[in-house]
Amino acid sequence: MTKALLMSSSRMGNMNYLEHADEQIHRLLQHKEQEILFIPYAAVTFSFDDFEAIVQPVFNALGYNLKSIHRFNDPVSAVKHAQAIAIGGGNTFALLKRLYDAKIVELISQRVKHEATPYMGWSAGSNVATPSIRTTNDMPIVQPPSFHALNISPFQINPHFISGKPVGHNGESREERLNEFLTINPSEELIALYEGTALFIENEQGTILGDQNALWLRGPNEIEEISANHPFRLDMIKGAN
């Protein structure tokens, strides 16, 4: 039984860190007393200690304990015994490389997909929950051994989606960049998530959580909406397999 919460962002508007996601987090964790294993590997310009200090009070206030994986001597053992797993945002390439370096990519996937360990991620933590990191918005500041990721979601996601171009910007829009992906990979589709929204996965079913619909990009310039808070079958969206 797979249960995962893939959030677009850690903030919405002017709200505090994960403040918008209280009910989304409770939906995943069901108010059950448990310790969450936090993986801060996406942090680049601040320390893992600092990242834990940002995230830990949020979960404590919701009634959950949280401890970062860097507090453990053995990351593999930490993942094997985790009651729930959370991966925060930052740089997706650094995150995936560190997951590979720690030898926990396949293990996290197995624990979530086959052992019913709840998983949540936001931003980069959602990118790595897909089949690959090919639809991240981040700069490749390091090179992971592979783009293959956790494959918890059977299709690609684009977090932090924003439509159009800022005034004076002459580079590609997000739609244009995603059209490039869809052109090169015509057998795949993807979901774009606006800030504050999330994809909630429960077994073979998905639900968009939040106040906005998600965009279902089916091909270049072929976009439909997926209504928020209405379940749909995950297999209606074409994945890498």
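Contact here means heavy atoms within 4.5 Å, and helices (H or I, at least four residues) and strands (E, at least two) are DSSP runs, numbered from the N terminus. The model is predicted: local features need pLDDT of at least 70, side-chain atom pairs count only at pLDDT 80 or more, and totals for chains, interfaces and linings use all residues. Residues are numbered from 1 along each chain as its sequence is written, and side-chain values use heavy atoms, with hydrogens and water left out.

**View 1. Helix α5 and its packing partners.**
The buried residues of α5 (residues 105–114) are V105, L107, I108, S109, R111 and V112; buried denotes under 20% relative accessible area, exposed over 50%, and partly exposed in between, with a 1.4 Å probe and protein chains only. These buried residues pack against the strands β1 (3–7), β2 (35–39), β4 (84–87) and β5 (119–122), and also against the helices α3 (75–80) and α4 (92–101). An α-helix has 3.6 residues a turn, so residues three or four places apart point the same way. After α5 comes A116, with a positive phi near 65 degrees.

**View 2. Helix α4 and its two ends.**
In α4, the buried residues are T92, F93, A94, L95, L96 and L99. They pack against β2, β4, α5 and α6. At the start of the helix, a side-chain oxygen of N91 comes to within 3.0 Å of the backbone nitrogen of F93. K103, which follows α4, has a positive phi near 60 degrees.

β4 runs parallel to β2, to which 4 bridges join it; two strands are said to pair if DSSP finds at least two bridges between them. I87 of β4 is the bridge partner of I39. β4 also runs parallel to β5, through 3 bridges, and Y119 in β5 is the bridge partner of I85.

**View 3. The largest nonpolar core.**
A nonpolar core is a set of buried Ala, Val, Leu, Ile, Met, Phe, Trp, Tyr and Cys residues joined through side-chain atoms within 4.5 Å. The largest has 44 residues, and those with the most contacts inside it are I39, I87, L99, I104, I108, Y119 and V128. Not counting residues up to four places away in sequence, I39 touches I69, I85, A86, I87, G88, L99, I104 and I108. Another core, of 25 residues, lies apart from it and includes Y17, A43, V55 and A198.

**View 4. Strand β8 and its antiparallel neighbours.**
Of the 5 residues of β8 (residues 198–202), 4 are buried, and the strand is mostly covered. β1 and β8 run antiparallel and are joined by 5 bridges, with M7 opposite A198. β8 and β9 (residues 205–209) likewise run antiparallel, joined by 5 bridges, and F200 stands opposite T207 in β9. The hairpin of β8 and β9 has 2 residues between the strands, and N203 in the turn has a positive phi of about 60 degrees.

**View 5. Surroundings of S153.**
S153 lies in the loop between α6 (124–127) and β6 (156–161). Its relative accessible area is 0%, so S153 is buried. A polar atom of the S153 side chain lies 2.8 Å from the backbone oxygen of F155. Not counting residues up to four places away in sequence, S153 touches L6, A129, T130, P131, L199 and I201.

In the order β6-β7-β10-β11, 4 strands form an open sheet of mixed pairing. β6 and β11 (222–226) stand at the edges, each with a single partner strand, so one side of each lacks a neighbour in the sheet. The twist averages 25 degrees from one strand to the next. β10 (residues 214–219) and β11 pair in the antiparallel sense over 5 bridges, and A214 stands opposite I226 in β11. Helix α7 (residues 174–184) lies across β6, β7 (190–194) and β10, running at about 170 degrees to β6; axes are lines fitted to C-alpha atoms, for helices over the stretch in contact, and angles run from 0 to 180 degrees between N-to-C directions. R218 is in strand β10 and, at 29% relative accessibility, counts as partly exposed. R218 touches E188, E189 and E224, not counting residues up to four places away in sequence.

Conventions:
Polar contact = N/O pair within 3.5 Å; in protein donor to acceptor, adjacent residues only side chain to side chain.
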